[in-house]
Amino acid sequence: MDTNTLFRLDGRIALVTGGSRGIGKMIAAGFVAQGAKVYISSRKADICEAAADELGPNCIALPQDVSTVAGCKALASQLAEREERLDILVNNAGAAWGVPFEEFSEAGWDKVMDLNVKSPFFLTQALHGLLKAAGSRARPAKVINITSIDGQRLNAWETYSYHASKSALIFLTKRMAARLVRDGINVTSIAPGAFPSDMNKAARDHGDAIARGIPAGRIGVDEDMAGAAIYLASRAGDYVVGETITVDGGLVHAALGTSIDA
């Protein structure tokens, strides 16, 4: 048994959507550090290029809007022009929408559901050939969907479509895993808790206050997210199929509720 290279990604090719900032960038940086060649994609080309430059020569920008099926197919075609296989796909691009119930719009529903649920499915479908080319029983390719603890519990905000989308993606992960494992492709998900990002402005701007409600006593940092993603992407996670790993400092599974006798 060789544990020295258990978490290494040398020679692996990865694609991280929404990889120019936040959780996607944390994951991309972790993959690069472990030896992978990493493509990052995001809607804004200038930001995507700047992030790739920051992460070094083993990170390449492929700007694309994956909120539509056409965009997913275009990104898959861009990658296929450069690579003959894809070892790791991280479906991280996502959106949130918080509006009071009485005012919640169809646009807010569709934007979130399209990007958070439809796009991970259709991008994986578009990249199926490249993933199959990389995967085998002995060395599976990996698809990692970034879900959320908001797919496992309620938050305090009226984010109706976000809750629905992340719950759906957790179960879609299981359904995709059941089908794709036969092609040598393992599908899993990571459900992050409070990590500072443009999407989670509360953790970004009020981290100390948010940390007081987390059993671990702090919000997440880059290494927490990168570590979970590296585990699933590497040899260390080859026997993990269909699982959602919750990375939240214990908020979902170790937080104590309020006693009715208190």
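Trainee: Is K118 buried, exposed or partly exposed?
Mentor: In this predicted model, K118 is partly exposed, with a relative accessible area of 32%.

Trainee: Which residue forms a salt bridge with K118?
Mentor: The partner is D114, and the closest N and O atoms are 3.7 Å apart. D114 and K118 both belong to helix α4 (residues 106-126), where they are 4 residues apart, about one turn of the helix. D114 counts as partly exposed, at 27% relative accessibility.

Trainee: How many salt bridges does the structure hold?
Mentor: It holds 11. One of them joins K37 to E83, with 2.6 Å between the closest N and O atoms. K37 lies in strand β2 and E83 in the loop between α3 (69-80) and β4, so this pair ties together parts that are 46 residues apart in sequence.

Trainee: Is E83 buried or exposed?
Mentor: E83 counts as buried because its relative accessibility is 10%, and the cut-off for buried is under 20%. K37, at 32%, counts as partly exposed.

Trainee: Changing topic, which strands pair with β1?
Mentor: Strand β1 (residues 13-17) is joined by 5 bridges to β2 (residues 37-41), and the two run parallel. The chain crosses from β1 to β2 through helix α1 (residues 22-33) in a right-handed β-α-β crossover. Strand β4 (residues 88-91) is also parallel to β1, with 3 bridges between them.

Trainee: Which residues stand opposite each other there?
Mentor: A14 has V38 of β2 as its bridge partner, while L15 stands opposite L89 in β4.

Trainee: And which way do the residues of β1 point?
Mentor: I13, L15 and T17 point one way and A14 and V16 the other, and all are buried.

Conventions: Residues numbered from 1 in each chain as written. Predicted model: local features only at pLDDT ≥ 70, side-chain atom pairs only at ≥ 80, totals over all residues. Heavy atoms only, no water. Buried < 20%, exposed > 50% of the residue type's maximum accessible area, 1.4 Å probe, protein only. Pairing = 2+ DSSP bridges. Right-handed = clockwise from strand over helix to strand, strands pointing away. Salt bridge = Lys/Arg side-chain N within 4 Å of Asp/Glu carboxyl O.
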